[in-house]
Amino acid sequence: MEKKQMIYNKLLNLVKEENVKVDEPLKDHLYTKLGGNADFFITPTSYEEIQNVVKLSNEDEIPFTLLGNGSNLIIKDGGIRGIVINLKHLNAIHADEEMVTAQSGARIIDASRFALEKHLAGLEFACGIPGTVGGALYMNAGAYGGEIKDVLDHAYVVDKEGRLVKRMASELDLDYRTSNIPDRGDIVVEACFRLTPGTREEIKEMMDDLTFKRESKQPLEYPSCGSVFKRPPGYFAGKLIQDSNLQGTNIGGAEVSTKHAGFIVNKDNASTTDYISLIEHVQKTVKEKFGVDLEREVRIIGEDKE
């Protein structure tokens, strides 16, 4: 308890008191509405504050975890030790000719809508992706044939030493639902997208079409972590799960969606353990039936509940 108070006091020297919370329930910050508490939950308001928290983490050997808006993440019931950083206050978006620059905490949906208002094409695919800009870069988010690597020019990151660094898109190893950002320990603070001029009518028509497809096919009426599995080469994860007769299967309050088999929804006060058990059951069943390994797209972090 004494060490916790010491860390808290040091954080107050770096970040405003209202932006430092102790024992914060992480379920309040996740789409699944699941997960235990964070020892410290920090919401910085400047790049300098992020740099200082990273340096403190290094100096005092305090683990830290970056949390976006939790749209592609499951946190275990035991929560996360150390510092959790959330960049929700860093959400500005602006344009300079054909370049749209968005801070990491902005929603990628909002960056897509901003581009629409500037009559800039290229981010239409992101109009239904619920994650933040930082999260979208972290996993090279994509939908309906488009992905971040198609439009990203460069990004600014705070590296693991606490330095603010510019990284060109070519340096990030952006590939199908992956990048080298987690391996490097970078924190994305800003992304710059190079787009192309278009007409508002055509851009909006495409966004409306993609929104309709998403809303008609995805189970948005329940909390979920989005698409659970990556697409296996030569297959579609949802089709494999559907053909395994797994739709409607539940463990505790977690259920394989009857609307879209690639989603697992929090149907009735599920625990993280319910969720993970159901994911593993789906993987095992599909492997036995079709010989295909389903790789998780969703990340699972945190500690088991004691």
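What follows is a set of questions and answers on the strands, cores and helices of this predicted model.

Biologist: Is strand β13 largely enclosed or left open by the rest of the structure?

Modeller: Strand β13 covers residues 187–194, and residues in it count as buried when their relative accessible area is under 20%.

Biologist: Which residue of β13 is the bridge partner of Thr101?

Modeller: Strand β7, residues 99–103, runs antiparallel to β13 and is joined to it by five bridges. Strand β11, residues 152–158, is also antiparallel to β13, with six bridges, and there Val158 is partnered with Ile187. For Thr101, the bridge partner in β13 is Cys192.

Biologist: Which strands stand at the edges of the open sheet of four strands?

Modeller: The order in this open sheet is β1-β2-β5-β3, with mixed pairing. Each edge strand has a single partner strand, so one of its sides is left without a neighbour in the sheet, and this applies to β1 (20–25) and β3 (64–67).

Biologist: And in β5, which residue is the bridge partner of Leu67?

Modeller: Strand β5 spans residues 80–86, and its pairing with β3 is parallel, over four bridges. Within that strand, the bridge partner of Leu67 is Asn86.

Biologist: Which elements give two or more residues to the largest nonpolar core?

Modeller: This core has 29 residues, and those that touch the most other members are Ile108, Leu123, Val133, Leu137, Ile148, Leu152 and Phe193. The elements that contribute two or more residues to the core are β7, α3 (108–117), α4 (133–138), β11 and β13.

Biologist: Leaving aside neighbours within four places in sequence, which residues are in contact with Leu137?

Modeller: With those neighbours set aside, contact here means heavy atoms within 4.5 Å. The residues that Leu137 contacts on this basis are Ile148, Leu152, Ala155, Leu174, Ser179, Ile181, Val188, Ala191 and Phe193.

Biologist: Are α3 and α6 roughly parallel or roughly antiparallel to each other?

Modeller: The axes of α3 and helix α6, residues 200–217, come within 9 Å and cross at roughly 155°. Ser112, Arg113, Leu116 and Glu117 of α3 make the contact with Arg200, Ile203, Lys204 and Met207 of α6, and by class these are three nonpolar, one polar and four charged residues. Angles over 145 degrees count as roughly antiparallel, and the two helices are therefore, relative to each other, roughly antiparallel.

How values were computed. Residues numbered from 1 in each chain as written. Predicted model: local features only at pLDDT ≥ 70, side-chain atom pairs only at ≥ 80, totals over all residues. Heavy atoms only, no water. Buried < 20%, exposed > 50% of the residue type's maximum accessible area, 1.4 Å probe, protein only. Pairing = 2+ DSSP bridges. Core = buried A, V, L, I, M, F, W, Y, C linked by side-chain atoms within 4.5 Å. Axes fitted to C-alpha atoms, helices over the stretch in contact; angles between N-to-C directions. Parallel < 35°, antiparallel > 145°, perpendicular 65-115°, else oblique. Nonpolar A, V, L, I, M, F, W, Y, C, P; charged D, E, K, R; others polar.
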